[in-house]
Amino acid sequence: MWAAAGNSARHCRSYYGQAPAAPGRGSRTMPSRVFCEKDPMRHTLLTCTLTAAALAALALPAAAQQSTLGRNLAATCANCHGTNGAARGEMKPLAGVSAAKIVAAMNDFRSGNMPATIMHQIAKGYTEAQVEQIAAYFAAQKPAAK
Amino acid sequence: MTTQLRGLSRRRILVGAGAGATLALSGCATTGGPSLGRVAIVGGGFGGATAARYLKMWAPAIDVTLIERNASFVSCPISNLVIGGHKRIEDVTRGYAGLQAMGVNVVRAEVGAVDVAGKKLRLAGGGEVAYDRLVLSPGIDFMPEQVGGLQAALDSGRVLHAWKAGPQTTALRAQLEAMRDGGVYALAIPLAPYRCPPGPYERACMVASYLKQHKPRSKALVLDANPDITSKAGLFRKAWADHYAGLVEYRANSVLKEVSGTTARLEFEDVKADVLNVVPAQRAGDIARSAGLVNMNNRWVGVNWLTMESTAAAGIHVLGDATFSAPAMPKSGHMANQHAKVAAAAIIAQLTGQPVNATPVVMNTCYSFVTVRDVVHVASVHQYDAAGKTFKTVPGSGGLSAAANQIEGRYALSWAENIWADMLAG
């Protein structure tokens with residue numbers, strides 16, 4: 001049940017305005033994980049998945065789920081403050097900064113005690129509980145090597 | 001967990017791909033343990049690349065295949081500086097080596113079709129990719145049919161959109177360089193929603209910054225189909241008055257009806273331009289439409305915001321500009337990156353039998369250059385609202401720059417470096 005591809009002429013222009021590679025070139029530069037239609041791994045993969053799921057369920061108690069939430073929340077900061085808080089350029093690194101310091105800074109941004117270009121507006125979008133989870137996550141990250 | 005699973009037998013399968021090529025592939029994850037599942041991602045922009053990076057970082061035992069038709073990523077954000085002559089296209093271009101180094105299979109190919117029921121992709125150049133969960137981050141494609149002659153004008157290369165960064169960006173730069181002093185650059189903006197709400201107004205600033213210095217008798221004419229500037233209105237108006245008086249002319253409610261050569265036909269007048277730059281109306285990228293996922297206004301993909309799964313097909317996560325936006329949620333690279341993280345967390349939960357996060361948060365920061373050094377921002381934070389099953393902005397949060405400033409000019413460039421590294425792992 002293949003869904004039809006779009007108008008091919010339009011396809012050529014679509015992504016980033018570039019024409020796709022010539023077919024021959026595409027097939028040469030494409031090698032990677034490409035599966036056959038009849039996938040002999042299907043059954044095995046199912047087994048893998050079930051095993052892994054079972055292990056994951058055992059390995060993720062409440063504390064871990066809490067940290068997953070902190071991880072997810074902290075990821076919303078990464079666009080500016082770097083992946084896991086390892087910032088580049090002029091952005092403030094957060095990896096390895098103590099949780100108390102991050103919470104205090106966010107409170108000061110929120111109250112207006114700390115002047116900011118943008119953080120006073122962003123800080124107001126997170127609850128105090130969320131800020132604590134974000135702070136705990138960054139505090140546990142290894143600071144980037146300078 | 002990968003450590004616990006390491007040491008289990010590694011199985012290999014043989015598959016055919018392309019013109020008779022045969023590849024030996026690991027059926028399970030690149031970590032050497034069994035796979036948590038296979039995730040295929042179509043589109044290596046802000047959404048897709050981020051999804052690949054975060055899936056692999058948070059759950060190395062997931063097989064992640066990223067399919068992208070271009071050899072490199074070219075960023076739309078910052079590309080207006082290339083058009084203004086302040087940056088080179090190389091400055092906004094990044095490779096996929098970082099993702100490959102962390103174990104993402106980066107496949108350079110065009111996806112021809114999605115077999116939704118069979119859970120596999122057919123590649124245009126031959127070969128198939130089977131998946132357990134699919135992520136589509138197709139960005140936008142255009143609706144030039146709304147404007148007479150636009151398709152032909154775009155095909156001829158005489159009229160450019162430059163709304164997907166790459167060759168169009170450098171071609172528009174070349175047109176501006178070739179334009180005579182005293183010429184008219186006209187920019188047509190479609191009705192919202194479109195990709196990057198402040199982008200066209202930033203472009204007017206960057207073009208004007210070039211004209212001011214090199215072709216001061218020229219004019220940048222903004223033909224906006226909208227009733228007013230759609231984002232950062234006061235800040236852009238002030239920038240045009242402060243820096244580009246007599247250079248930028250803004251006309252609201254100017255709906256482009258037809259393109260003839262480089263003449264823009266509006267309802268009541270013809271505007272003759274030397275360089276005509278048309279941002280066409282937009283919809284979800286072609287692959288979303290051909291997969292049957294476009295179910296909102298015949299343009300966009302409705303999504304379940306807890307998982308980013310299409311409301312038309314469970315198990316297919318759709319990210320970024322292609323989605324039917326939540327209230328006050330911009331179509332931006334930053335937001336696509338945030339969508340990707342919600343999707344990555346949800347996919348990992350789904351593949352490991354964990355509950356999906358019921359309280360996701362996303363946020364957006366958008367910097368616009370009004371001069372080569374002065375920048376203005378708009379920011380927003382969006383919390384999931386269970387009652388409305390959507391994201392809602394937090395009252396009192398977010399907002400605009402008080403005024404254009406050079407500190408944010410430096411932050412804007414750092415933002416770009418950080419988000420490119422965040423999505424591409426390099």
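What share of the contacts in chain A with a separation of 6 or more is accounted for by residues 24 or more positions apart? In this predicted model, such residues account for 55% of those contacts. Chain A has 146 residues, and 41% of them count as buried. Its secondary structure consists of 8 helices and 0 strands.

Chain B has both kinds of element, with 11 helices and 27 strands. The radius of gyration of chain B is 22 Å, and the globule rule gives 22 Å for 426 residues, so chain B is as compact as a globular protein of that length. Of the 426 residues in chain B, 60% are buried. To count as buried, a residue must have 20 or more other C-beta atoms within 10 Å of its own. Contacts in chain B can be sorted by distance along the sequence. Where the two residues are at least 6 apart, 67% of the contacts join residues at least 24 apart.

The next step is to look at the parts of chain B. Domain 1 is made up of residues 8–69, 109–141 and 283–358, while domain 2 covers residues 144–281. The centres of the two domains of chain B, taken over C-alpha atoms, are separated by 34 Å. Where the domains touch, 6 residues of domain 1 of chain B are in contact with 5 residues of domain 2 of chain B. On the domain 1 side, the touching residues comprise 2 nonpolar, 2 polar and 2 charged residues.

One sheet of chain B can be followed strand by strand. Strands of a sheet pair through backbone hydrogen bonds, either parallel or antiparallel. In this open sheet, 3 strands lie in the order E8-E9-E10 of chain B, and the pairing is antiparallel. Strand E8 (111–115) and strand E10 (128–130) of chain B stand at the edges; each has a single partner strand, so one side of each is left without a neighbour in the sheet. Neighbouring strands of the sheet are turned against each other by 20° on average, direction ignored.

Which strand pairs with E8(B) over 4 bridges? That strand is E9 of chain B, residues 120–123, and the pairing is antiparallel. Within this pairing, Val114(B) has Leu121(B) in E9(B) as its bridge partner.

Key:
Residues numbered from 1 in each chain as written. Chains lettered and ligands numbered in written order. Predicted model: local features only at pLDDT ≥ 70, side-chain atom pairs only at ≥ 80, totals over all residues. Helix = DSSP H or I, 4+ residues; strand = E, 2+ residues; numbered from the N terminus. Rg over C-alpha atoms; globule rule 2.2 N^0.38 Å. Buried ≥ 20, exposed ≤ 12 C-beta atoms within 10 Å, placed from the backbone. Contact = placed C-beta atoms within 7 Å. Domains from an automatic or database assignment. Nonpolar A, V, L, I, M, F, W, Y, C, P; charged D, E, K, R; others polar. Pairing = 2+ DSSP bridges. Axes fitted to C-alpha atoms, helices over the stretch in contact; angles between N-to-C directions.
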